[in-house]
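I set out to record what could be looked up in this structure, entry by entry.

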Amino acid sequence: MSSHKFLFHNLEDHVGVAVEEIKAGQTATGAYLEGDDQINVTANQDIPLGHKIALKPARKGDIIIKYGENIGKATQDIMIGDWVHTHNLKTARWDYGN
């Protein structure tokens, strides 16, 4: 078992990707893929394997960055430790619309 529960690819990323399931209330360590940086985040909800955990807060309408790229806009306020998925993120793949 690894010492980290999520990875982040860019120091500007708003989200990390869970490499193991993270339980609500658990403080998880994330590893930066391009160096030795690590961060700790306490999960507000369960974060399934492969899903995103918020590393930075975002307001409704803010652009969300993953892998150093725009992946979409927040559809509601997001707090550090939140599960980021279709319930609070409108993916950039689709027209943002209203």
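The entries below follow that order.

**Entry 1: the model.** I noted at the outset that this is a predicted model.

**Entry 2: the sheet.** I looked up the strand order and found six strands in an open sheet, arranged β4-β3-β1-β2-β5-β8. The pairing in this sheet is mixed. I then asked which strands stand at the edges. They are β4 (38–42) and β8 (83–84). Each has a single partner strand, so one side of each is left without a neighbour in the sheet.

**Entry 3: β1 and β2.** I turned to the pairing of β1, residues 6–8, with β2. The two strands run antiparallel and are joined by two bridges. Within this pairing, I found Leu-7 opposite Val-17 of β2. I also recorded that β1 and β2 form a hairpin, with six residues between the strands.

**Entry 4: β2 and β5.** I next followed β2 (residues 15–18) to β5 (residues 52–54). This pair is likewise antiparallel, and three bridges hold the record of the contact. For Gly-16, I looked up the bridge partner in β5 and found Ile-53.

**Entry 5: the largest pocket.** I noted a volume of about 260 Å³ for the largest pocket. Which residues line the largest pocket? I listed Lys-52, Lys-66, Tyr-67, Asn-70, Ile-71, His-85, Thr-86, Leu-89, Thr-91, Ala-92 and Arg-93.

**Entry 6: Lys-90.** I then looked up Lys-90, whose place is in strand β9. Is Lys-90 buried, partly exposed or exposed? Its relative accessible area is 33%. Buried requires under 20% and exposed over 50%, so a value in between counts as partly exposed; Lys-90 is therefore partly exposed. Finally, I compared the position of Lys-90 with that of Lys-56. The two are 34 residues apart in sequence, and their C-alpha atoms are 17 Å apart in space.

Note on methods. Residues are numbered from 1 along each chain as its sequence is written. This is a predicted model: local features need pLDDT of at least 70, side-chain atom pairs count only at pLDDT 80 or more; totals for chains, interfaces and linings use all residues. Side-chain values use heavy atoms; hydrogens and water are left out. Two strands pair if DSSP finds at least two bridges between them. Helices (H or I, at least four residues) and strands (E, at least two) are DSSP runs, numbered from the N terminus. On a 1 Å grid over the protein atoms alone, a cavity is a set of points where a 1.4 Å probe fits but cannot get out, and a pocket is an open set with protein on both sides within 12 Å along at least five of seven lines; lining residues have an atom within 4 Å of a point. Grid points are joined across faces, edges and corners, and a volume is the space filled by probe spheres set on the points. Buried means under 20% relative accessible area, exposed over 50%, partly exposed in between (1.4 Å probe, protein chains only).
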